[in-house]
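Here is a structure to read together, one question at a time. Each answer works towards the value or name that was asked for.

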Amino acid sequence: MAKYRVTIDKDACIGDGICISICPEVFEFDDEGKARVTEKYRTASNYEGEVEANEELENCLTQAESMCPTQAIKLFKLE
Ligand code: SF4
């Protein structure tokens, strides 16, 4: 299992929901229609989290990062 820190730049997010379609375990809409991290993985804020990722989660996280049209999602491998 790999551990990732994930951040979402709320100002850059255009709310198209691509990350939520790709990886609903980790991303969901907030009250303003922007993406936030699901409660299970949240850390300091609604827009930051840490995920112990199995292969499936790792794949959807990396896909969400690369498919986000505004590069609002950043992934940092911790372990
Ligand atoms: S893919 Fe990017 S722009 Fe679209 S909802 Fe997710 S964070 Fe926002």
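Q: Which residues does C19 touch, not counting residues up to four places away in sequence?
A: This model is predicted, and contacts in it are judged by C-beta atoms that lie within 7 Å of each other. Leaving aside residues up to four places away in sequence, the partners of C19 are F27, A35, A64, C68 and I73.

Q: In the largest nonpolar core, which residues touch the most other members?
A: This core has 20 residues, and the elements that give two or more residues to it are strand 1, helix 1, strand 3, strand 4 and helix 2. Those that touch the most other members are C19, C23, L61 and A64.

Q: Where on helix 2 do its buried residues fall, seen down the axis?
A: Helix 2 runs over residues 55-67, and C60, L61 and A64 are buried in it. Seen down the axis, these buried residues fall within an arc of 100 degrees, so they line one face of the helix.

Q: Which residues are exposed on the other side of helix 2?
A: The buried residues of helix 2 are covered by elements including strand 1, helix 1, strand 2, strand 4 and strand 5. On the other side of helix 2, the exposed residues are E55 and S66.

Q: How many residues in the shell around the ligand are nonpolar, polar and charged?
A: The ligand is surrounded by 14 residues, of which the closest are C13, I18, C19, A35 and C68. Divided by kind, the residues of this shell are 10 nonpolar, 3 polar and 1 charged.

Technical notes. Residues are numbered from 1 along each chain as its sequence is written. This is a predicted model: local features need pLDDT of at least 70, side-chain atom pairs count only at pLDDT 80 or more; totals for chains, interfaces and linings use all residues. Helices (H or I, at least four residues) and strands (E, at least two) are DSSP runs, numbered from the N terminus. The expected span of a helix is 1.5 Å times one less than its number of residues. A residue is buried if 20 or more other C-beta atoms lie within 10 Å of its own, exposed if 12 or fewer, and partly exposed in between; C-beta atoms are placed from the backbone. The arc is that of the directions from the helix axis to the C-beta atoms. Two residues are in contact if their C-beta atoms, placed from the backbone, lie within 7 Å. A residue is near a molecule or strand if its C-beta atom, placed from the backbone, lies within 6 Å of it. Ala, Val, Leu, Ile, Met, Phe, Trp, Tyr, Cys and Pro count as nonpolar, Asp, Glu, Lys and Arg as charged, and the others, Gly among them, as polar. A nonpolar core is a set of buried Ala, Val, Leu, Ile, Met, Phe, Trp, Tyr and Cys residues joined through C-beta atoms within 7 Å.
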